[in-house]
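Here are a few exercises to work through with the model open in your viewer. Try each one yourself before you read the solution.

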Amino acid sequence: MIRILACFAVVPLCAQAADTMLYYTAPATSWNEGLPVGNGRLGAMVFGGIDEERVQLNEVSLWSGPPLPEDAPGARDAIAEARRLIFAGQYGAAQSLIAAKALGERNNPRSHQTLGDLRIGFHGQSLLTMGREMEVDRQPDGTMPYRRELDLDTAVATTTYRRNRIDFRREVFVSPVADVIVVHLTASRPGQLSFHVTLDRPMDFETAAVGPATLAMRGQAQHDGEHLGVRYETRVLARSQGGTVRTRAGRIHVENADSATLLLAAATDYNLADPFRPLTRDLGRACAEALERAARQSVDELRTASIEEHRRLFRRMKLDLGDTAAARLPTDERLAALRQGSQDPGLEALLFQYGRYLLLCSSRPGNLPANLQGIWNNHLLAPWSADYHLNINAQMNYWPVEVANLSECHDPFFRLIEGLVPAARKTAANLGAGGMAAGLATDVWLFTAPYGQPGWGMWVMGFAWSTQHFMEHYRFSGDRGFLRDRAFPLLRGASEFFLDWLVPHPKTGLLVSGPSTSPENSFIAPDGTTAALSMGCAMDQQIIWETFTNTLEAARELEIRDAFTSRVEVALRRLAPTRIGNDGRIEEWGDNLKEKAPGHRHVSHLFALFPGRQINWRDTPELFQAARKSLEFRLANGGGHTGWSRAWIIAFWARLLDGDKAHENVRALLAHSTLANLFDNHPPFQIDGNFGYTAGVTEMLLQSHLGELHLLPALPAAWSNGSVTGLRTRGGVTVDLAWQDGRLASAVLRADREIVASLRYDGRVIRRNLPAGDPVTIEAASFATGKP
């Protein structure tokens, strides 16, 4: 077996920043070890092979198609009867009725699909030739030079190795400017690059040469001839310095080149404006034109433009948590050492920046939003279809987007939710209400119907939860045009639905939602059976509170006061509150019902703690303590066992102002729910945990949901020295923080517009005038005279 060494002359390790670099000393042996690059529409996973390079390809809109879930025609009457049964304590009968009458068919399979694979075979360069080992430069211990890396600061994946005394280098990036995937290959001696290129896919494709240096692959996403979906075409063009390029037998052959560049373009007929009216453009022409534009530029020009555009967003933030000797290890070895108990704050900072990197590489304006796998998917039928789960996962993808200074990347999510409006109105009407509503999931075909089984399907909060993001974008950006034209219409639609959906509880007269599940969890009914549906479960009531208060806040900002806002105010006052049970915990369901799975991955009854704001240390101290007790109970019974759930728990502890508990879960996520390439592991891979982690870390360092800027609210002892630049707050302030020995050293604030800001640190509050655009430095001593 050949051992491989990372450190050799062509790539000095010390030249790279440990907090933005993933690196490895061997090629990827599985997809979960590949390195992701992307531009929001196109994605690629780079394996870094020696004999063969595999670049797995994705295009964000490549989906198989209908039929879709449809609204059940008997839902309205079934819901009314189910409410009566639940109020009478007949949970099982209500659940059976909902299953039979209120939920649509799932109609799967239907999934986001891989575009395929670009494969580069290096004939004539194999380590084994005719049974004899090639001459390889080896170290005294028998290792050979090899390095595979992903630089988050440039969004370039690079593979370098040496054999036969020749240094080979391969770079892969996806240009957000040229909108092509670029693979650039070089060798340290002239004429040493010879390889062939193919395109393939698990099924449903055909390939053909379409020129002396271009290969095409085309087809239609489907599942065994059914669920016909998006048509696609991808083309790869090869060009070389020196040597020859030709196509033969479905391959591109490059012989004896000094260097070579592959350009890959892809196009589909998907139409986000109207998915059921596909684009009529010539997909081959679209690819050819993209390749022609890219080919007019040198690879240096393509790389420079790509890096500049990437850095425009990525470099808005830096996080320094300190480094240890582990920072010099390969990333997979750092992860293994952390699992054995080593301290590696630099790895924790790297994972934070990785979340930002993945978000801006999978969600750029004008494209579809990041799905359950971001943009990276090697399946024809992905886990959970790589869809948009609206009962936490799609929203979690966008938790860090504003505070981590990537606000533009929010736009694809907004466009998706706006695209749901026609279907959401139909779903609401089918449920017997006005306004807009959506179930637990959707996809690129923009359906909103509740479907499936009651334990996860009877939940209609998806649209309302998503509107929270619109209001948050306004709070961070101050964009009144956005609030007026995009946010308020959706908030109004969600509130209109709830005004009709809510019913008075017969015992209290307070308004409750239902029948509904607390997402994917179940309880023990009074008769000892297991049930999932109730009236007034905590998450429903909390989402409705959030929606109503956001709607009224938006109306005040827009100076709207009418019969609608009056109705919302009345309903908000009558809304049944979150309740504390006999054991001091928040009741997930009404009537003091107990959970069937006390360690469930969903912690839905703490929505109001995070990402909501209703439960907090200042306004609701009793609920605040009950939330802590609820979280402790969930964790004591095995909660947080999935990656995204663990990420959510980090944010909970941060909102509970317990930095050391938050940090315990930072380490737990890395130790138990992180793959070798730092992808989050549900299992399987699910990207929301990466984004949730980044959001949780921001909450540890800065909070602004209570109308003041709370500096270092949950700083753990493990991060005793550090700094962060570029955090964003509600109110439009960019914040830099530095701390030493666990204490704030200084803060620098830059406001988008002139404001008076309240700053909280260590139990004291000061107020400062912040002029528009000018930095204001706050020393830690300023808080000594602040009010407690």
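**Exercise 1.** Find which residue lies over the face of Phe633, and at what distance from the ring centre.

*Solution.* Keep in mind that you're working with a predicted model. Start at the ring of Phe633: Arg585 lies over its face, 3.7 Å from the ring centre. The cut-off for a charge over a ring is 6 Å from the centre, for CZ of Arg or NZ of Lys. Now try Trp653: Lys661 lies over the face of that ring, at 5.9 Å from the centre.

**Exercise 2.** Classify the aromatic pair formed by Trp376 and Phe679, and work out which parts of the chain it ties together.

*Solution.* First, the geometry. The ring centres of Trp376 and Phe679 are 6.3 Å apart, with 40° between the planes. Planes under 30 degrees apart would be stacked and over 60 edge-to-face, so this pair counts as tilted.

Next, the location. Trp376 sits in the loop between helix H6 (345-362) and S21, while Phe679 is in the loop between H17 (659-672) and H18 (688-701), so the pair ties together parts 303 residues apart in sequence. Check burial too: Trp376 is buried at 0% relative accessible area, and Phe679 also counts as buried, at 0%.

Finally, zoom out. Ring pairs link Trp376 and Phe679 into a cluster with Trp31, Tyr354, Tyr357 and Phe685.

**Exercise 3.** Where on helix H3 (residues 283-295) do the buried residues sit, and what covers them?

*Solution.* List them: Leu283, Gly284, Ala286, Cys287, Ala290, Leu291 and Ala294. They span an arc of only 165° around the axis, which puts them on the same side of H3. Their cover includes strands S15 (214-220), S16 (231-241) and S19 (259-268), plus helix H4 (299-314).

**Exercise 4.** Is Thr734 buried or exposed, and which side chain does it join in a polar contact?

*Solution.* Thr734 is in strand S33 (residues 733-740). Its relative accessibility is 13%, so Thr734 counts as buried. The polar contact, at 2.9 Å, is with the side chain of Arg728. Thr734 also touches other residues, including Asn405, Val748 and Arg750.

Terms used:
Residues numbered from 1 in each chain as written. Predicted model: local features only at pLDDT ≥ 70, side-chain atom pairs only at ≥ 80, totals over all residues. Heavy atoms only, no water. Buried < 20%, exposed > 50% of the residue type's maximum accessible area, 1.4 Å probe, protein only. Helix = DSSP H or I, 4+ residues; strand = E, 2+ residues; numbered from the N terminus. Arc of directions from axis to C-beta. Contact = heavy atoms within 4.5 Å. Polar contact = N/O pair within 3.5 Å; in protein donor to acceptor, adjacent residues only side chain to side chain. Phe/Tyr/Trp six-rings, centres within 6.5 Å; stacked < 30°, edge-to-face > 60°. Lys NZ or Arg CZ within 6 Å of the ring centre and 35° of its normal. Lists of a residue's contacts leave out its neighbours within four places in sequence.
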